[in-house]
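Student: I would like to learn how to read salt bridges and pockets in a model. Can we work through an example?

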Amino acid sequence: MAKVLIVYGSETGNTKAAADMIAETLMAAGHTVTVRDVLDTTIAALSEPFDLYLLGVSTWGAVVDEVTEDYKSFHEAMKTADLTGRKLAVFGCGDKGYENFCKAVDYAAERARSRGATLVAERLKIDLDPRKSADAIRAWAQNLTGMLA
Ligand SMILES: Cc1cc2nc3c(=O)[nH]c(=O)nc-3n(C[C@H](O)[C@H](O)[C@H](O)COP(=O)(O)O)c2cc1C
């Protein structure tokens with residue numbers, strides 16, 4: 001059974017809810033999942049021994065390569081982190097009404113890849129309330145379990 005770390009940032013609770021749904025799906029498949037609010041952790045978490053790292057980041061604003069206030073220091077620290085050999089995937093909530101829908105998911109994924117991480121799944125971009133996309137979120141997590149088997 002694999003060990004999975006989820007680090008999420010969430011302003012109004014949507015990305016947190018998505019993180020919890022992903023965790024539930026992975027745990028139901030028998031994996032051990034640790035879920036941490038980005039405010040309660042540091043980049044050192046990505047050096048702890050997990051088989052898979054999942055980053056959850058929501059998008060608030062249109063500044064390129066900028067993430068939410070709570071995620072900022074983690075995102076900044078990723079610039080110099082050595083993520084070689086880490087398996088990683090990124091998800092997050094946004095609003096399709098914005099031109100830059102869920103762009104922070106891309107910023108986090110691109111930065112992780114630039115530091116050597118292997119992105120093992122498509123980026124999961126969730127429109128507004130994740131409970132309305134529960135099937136797609138669970139399917140995304142279920143797909144990860146295939147990789148962890
Ligand atoms: C002031 C404001 C700015 C926002 N900017 C964006 C944006 O640029 N792109 C986007 O996809 N969603 C944007 N959103 C939508 C949020 O990302 C969305 O509500 C999301 O579900 C919040 O997730 P969280 O509660 O995990 O932070 C914005 C929402 C607000 C209220």
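Tutor: Start with one pair in this predicted model: the side chains of K16 and D20 form a salt bridge, with N and O 3.0 Å apart.

Student: What is the general idea behind such a pair?

Tutor: Side chains of opposite charge can pair when their charged atoms come close. Here, K16 and D20 sit about one helical turn from each other, because they are four residues apart in helix α1. K16 is partly exposed at 35% relative accessible area, and D20 is partly exposed at 27%.

Student: How many salt bridges does the structure hold?

Tutor: Ten. One of them joins E69 and K72, whose closest N and O atoms are 3.2 Å apart. E69 is exposed, at 61% relative accessibility, while K72 is partly exposed, at 30%.

Student: Which parts of the chain does the salt bridge between D106 and R123 link?

Tutor: The closest N and O atoms of D106 and R123 are 2.9 Å apart. The pair links distant parts of the chain, 17 residues apart: D106 is in helix α3, and R123 is in the loop between β5 and β6. D106 is buried, because its relative accessible area of 7% is under the 20% cut-off. R123 is partly exposed, at 26%. Through shared partners, salt bridges join K103, D106, E110, R123 and K125 into one network.

Student: And how do I read a pocket?

Tutor: Rolling a probe the size of a water molecule over the atoms shows where empty space is left. In this model the largest pocket has a volume of about 270 Å³. Its lining comprises 18 residues, with T59, W60, C93, G94 and D95 nearest the centre. By class, the lining has six nonpolar, ten polar and two charged residues. Helix α1 and strand β4 each supply at least two lining residues.

Key:
Residues numbered from 1 in each chain as written. Predicted model: local features only at pLDDT ≥ 70, side-chain atom pairs only at ≥ 80, totals over all residues. Heavy atoms only, no water. 1 Å grid on protein atoms, 1.4 Å probe; cavity = no way out; pocket = protein on both sides within 12 Å on 5 of 7 lines; lining within 4 Å. Points joined across faces, edges and corners; volume = space filled by probe spheres on them. Nonpolar A, V, L, I, M, F, W, Y, C, P; charged D, E, K, R; others polar. Salt bridge = Lys/Arg side-chain N within 4 Å of Asp/Glu carboxyl O. Buried < 20%, exposed > 50% of the residue type's maximum accessible area, 1.4 Å probe, protein only.
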